[in-house]
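Here is a short report on one protein model. It covers aromatic contacts, a helix and the annotated spans.

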Amino acid sequence: MKVTLSALDTYETSFTPLVVIELAQDVKEETKEWLRNRIVAKKKDGGAQLLFRPLLNKHEKETLGNDNLYLVGASRVRLLLGAEALGLVKESTDGTMRAFTHGTRHSFRGFHDDNDDFLTMAECQFIVKHELENLRARDEQMIPGCPQAKLYPGKSLLRRLLTSGVVLQVFPLHDHEALKKLEDSWYTRFSLRCQPIDRIRGYFGETIALYFGFLEYFTLALIPMAVIGLPYYLFVWEDYDKYVIFASFNLIWSTVILEVWKRGCADMTYRWGTLLMKRQFEEPRPGFHGTLGINPVTGREEPLYPSYKRQLRIYLVSLPFVCLCLYLSLYIMMIYFDLEDWALGVHDESGTEWTSVLLYVPSILYAIVIEVMNRLYRYAAEFLTAWGVLRSHRAAANFALSPQFNFLNCFASLFYIAFVLKDMKLLGQSLATLLITSQIINQIAESLLPYWLQKKHSVKVKRKVQALKVNIDATFYEQVILEKEMGTYLGTFDDYLELFLQFGYVSLFSCVYPLAAAFAVINNFTEVNSDALKMCRVFKRPFSEPSSSIGVWQLAFETMSVISVVTNCALIGMSPQVNAVFPESKTDLVLIVVAVEHAILALKFILAFAIPDKPRHIQMKLARLEFESLEALKQQVRDANVQCFCRK
C-alpha cells in the first residue's frame with residue numbers, strides 16, 4: 001500500500017505509510033516540530049531515523065480542519081537494520097533458520113535488492129513501533145510547548161506523550177489488498193480446518209496466529225469428548241459406571257492434547273522463526289521507568305530500577321489487591337447461593353411452570369456478574385502491571401494475564417456445590433447455565449455488538465468524505481479516518497480466557513454434564529468466524545508481537561489438567577456405584593481414591609515426560625544450529641590468537 005505524497009508542499013518522495021500518530025487538536029507547533037525532529041533524527045543523535053509526514057497538506061488542512069494526523073514510515077535499509085537489531089529470524093538459502101543480519105542479507109531466502117516483500121508489513125510495523133517506543137529523553141526537562149509534561153533521562157518519550165495527552169493514539173494501518181485476500185481464504189468460508197494460519201501470521205503477527213491455531217486445535221480436540229458425552233447424556237447410563245468411565249477418559253484426554261499442542265506449536269514457531277528469537281536481552285518495555293544507567297549484562301544505556309523496590313510494590317500493593325478481589329468473588333458467590341435458596345423456596349411453595357423457570361434466574365444472573373468481574377479485574381491487573389515497574393514485556397504479560405482470580409471467580413461455586421453441598425443435579429444445572437450464558441455474552445459483547453456499531457459509524461464517515469470536494473486521495477483519507485475511530489483490540493486475554501474456562505468446564509465437571517464439550521464445539525465453530533470478523537473489520541489492526549508459544553496460558557491449562565485429576569477422582573469416589581462397593585468402611589474408600597489420584601498424577605507426568613515438547617526434526621535442527629554457533633566461536637578465537645601471535 002504505497003501512497004504518493006507529491007501533493008504535499010514540502011515533500012516530493014513516496015513511501016509506504018505504516019503507522020499513524022494522532023495528536024491532540026491543541027498541540028502547539030513547537031511541540032509538533034520537536035516530535036518530528038526526534039522521529040527523523042539519526043540513531044546516533046538519539047532519534048528513531050524514520051520517515052514522518054502529515055496526512056494532509058496546508059491547503060487541505062485549511063479546508064478540512066484536520067491538523068493532527070501524521071504518517072510514519074521507514075526506508076528499506078532502516079527496516080532491515082531494525083530487523084537485525086530486533087533479532088528477527090529468517091530462513092537462509094541452505095534451509096536453516098538464522099538471525100537476520102544486514103551484512104549477510106543476500107544469504108537469506110527471498111531477499112533481493114529490488115524486492116520489498118522480504119519483510120512482511122506486520123514485521124515492518126513492529127519495527128517502527130519498537131523504534132518509536134524506544135525514543136527516550138536525554139537532556140530534556142520537559143516536552144517543548146508542554147511545561148506540565150516533565151521528563152527525566154531514560155523516560156520513554158512516546159509513553160510520556162500519551163499520558164500527557166499530546167499524542168492521542170498510535171496505530172498501524174491496514175493493507176486493504178492483503179486484508180481482502182486474507183478474508184476470502186479465512187472467515188468468508190465456513191470451515192474450521194482450513195484456517196490460513198501462515199497468512200494470519202504474515203498479516204497480524206505470531207501472537208494472533210497462535211491464538212487462532214490453538215482455537216482450531218482445541219476445538220478439534222473437543223470433538224472426541226463431545227462424541228462420547230452425547231450418548232452418556234441422552235441415555236443416562238447411570239447403571240454402567242458413568243462417572244468412572246467418562247472421568248477416566250477425561251483425565252487421559254486432558255493430558256495428551258496439551259502435550260501434542262506443544263509439539264505442533266514448536267513446529268509452527270520454528271517455521272516462523274520466533275522459536276529461535278533471543279528475548280532475554282530485549283530492551284525494556286516503554287512502561288518501565290527508572291534512573292538512566294548502563295545495563296551490566298548488555299552494556300547498553302537504559303533505565304534501571306532497584307529490584308527490592310519492585311518487590312515491595314508487588315507484595316505490599318498488588319498482592320493484597322488480588323486477595324481483596326478473591327474475597328469479593330467469594331462474597332458474591334455466597335449471595336448467589338442465597339438467591340438459589342430463595343428461588344427453590346418459592347418453587348416449593350407454588351410449584352408452577354413460572355417458578356420452575358425462576359430456578360434458572362440466579363445462575364444466569366451469576367454468570368453475567370462473573371463476566372463483568374472478569375473484565376473489571378482485567379483492567380485492574382493491567383493498571384497494576386504498569387504500576388509494578390516490570391522490565392520486560394514477557395514479565396508484564398505473565399503478571400497481567402495470571403488467571404488465578406478468573407479461576408476462582410468462575411469455578412468456586414461449582415466446587416462448593418460438588419464437594420460441600422454434594423448436589424450433583426444442581427452442579428449439572430449450574431455448569432450448563434454458566435457455560436451457555438457466558439458463551440452467549442461473549443459472542444454478543446466481543447463481536448456482534450462492536451461490528452454493528454462499527455458498521456453504523458463507517459456509513460457516516462463515508463458520507464462525510466463523499467461530501468468533501470477537495471483534491472486528495474479520498475480512498476486513503478477515508479481509510480485513515482475510519483481506522484482512527486475504530487476500537488482498540490486489547491489483546492488475546494479475553495479470547496484465551498474463554499477457551500480456558502471451556503477447558504475447565506469440560507475437564508473438571510463434564511462427567512456430571514457430558515454435553516459441556518458439545519456446547520463448546522458448537523460455540524467454537526462460530527467463534528472462529530466471529531473472532532476473524534472482529535480482527536479484520538471491527539478493531540484497529542494490532543501491532544504484531546513475536547511469540548514462540550501461548551505463554552502463561554500453557555501453564556494455566558496444564559495446571560487445570562492437574563486440578564481435574566483431583567476433581568474427577570473425588571467425583572468418582574462420590575458416585576453411587578463406587579460407594580456401593582464400600583457400604584461400611586468409608587476410610588478404605590478415601591484411601592483408595594487418594595491412591596488412584598496419585599497414580600494418575602504419576603501417569604500424567606510420565607506422559608508429559610515421554611512426549612517431547614519439540615518434534616525430533618526440530619530438535620535436530622536446533623542442535624545443529626548450536627553446534628555451528630560453537631564452531632564459529634571457536635574459529636573466531638583461533639583467528640584472534642593467530643593475529644595476536646603475528647603481532648608478536
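## Aromatic pairs

The count comes to 32 aromatic pairs. Rings of Phe, Tyr and Trp (its six-membered ring) pair if their centres lie within 6.5 Å; planes under 30 degrees apart count as stacked, over 60 as edge-to-face and the rest as tilted. Phe 111 and Phe 118 are edge-to-face, because their ring centres are 5.3 Å apart and their planes stand at 90 degrees. Both Phe 111 and Phe 118 are buried (under 20% relative accessible area, with a 1.4 Å probe and protein chains only).

The model is predicted: local features need pLDDT of at least 70, side-chain atom pairs count only at pLDDT 80 or more, and totals for chains, interfaces and linings use all residues. Residues are numbered from 1 along each chain as its sequence is written, and side-chain values use heavy atoms, leaving out hydrogens and water.

## Charges over rings

Lys 90 sits over the face of Phe 118, 5.4 Å from the ring centre. The rule asks for NZ of Lys or CZ of Arg within 6 Å of the ring centre and within 35 degrees of the ring normal. Arg 541 lies over the face of Tyr 203, at 3.7 Å from the ring centre.

## Helix 7

Tyr 203 is also one of the buried residues of helix 7 (residues 197-204). Helices are DSSP runs (H or I, at least four residues), numbered from the N terminus. Gly 205 follows helix 7, with a positive phi near 100 degrees.

## Annotated spans

An unreviewed UniProt entry lists residues 431-453 and 589-611 among its "transmembrane region" spans. Such annotations may be inferred rather than shown by experiment. Residues 431-453 are 100% helix, with end C-alpha atoms 32 Å apart. Residues 589-611 are 96% helix, and their end C-alpha atoms are 33 Å apart.

How values were computed
Helix = DSSP H or I, 4+ residues; strand = E, 2+ residues; numbered from the N terminus. Buried < 20%, exposed > 50% of the residue type's maximum accessible area, 1.4 Å probe, protein only.
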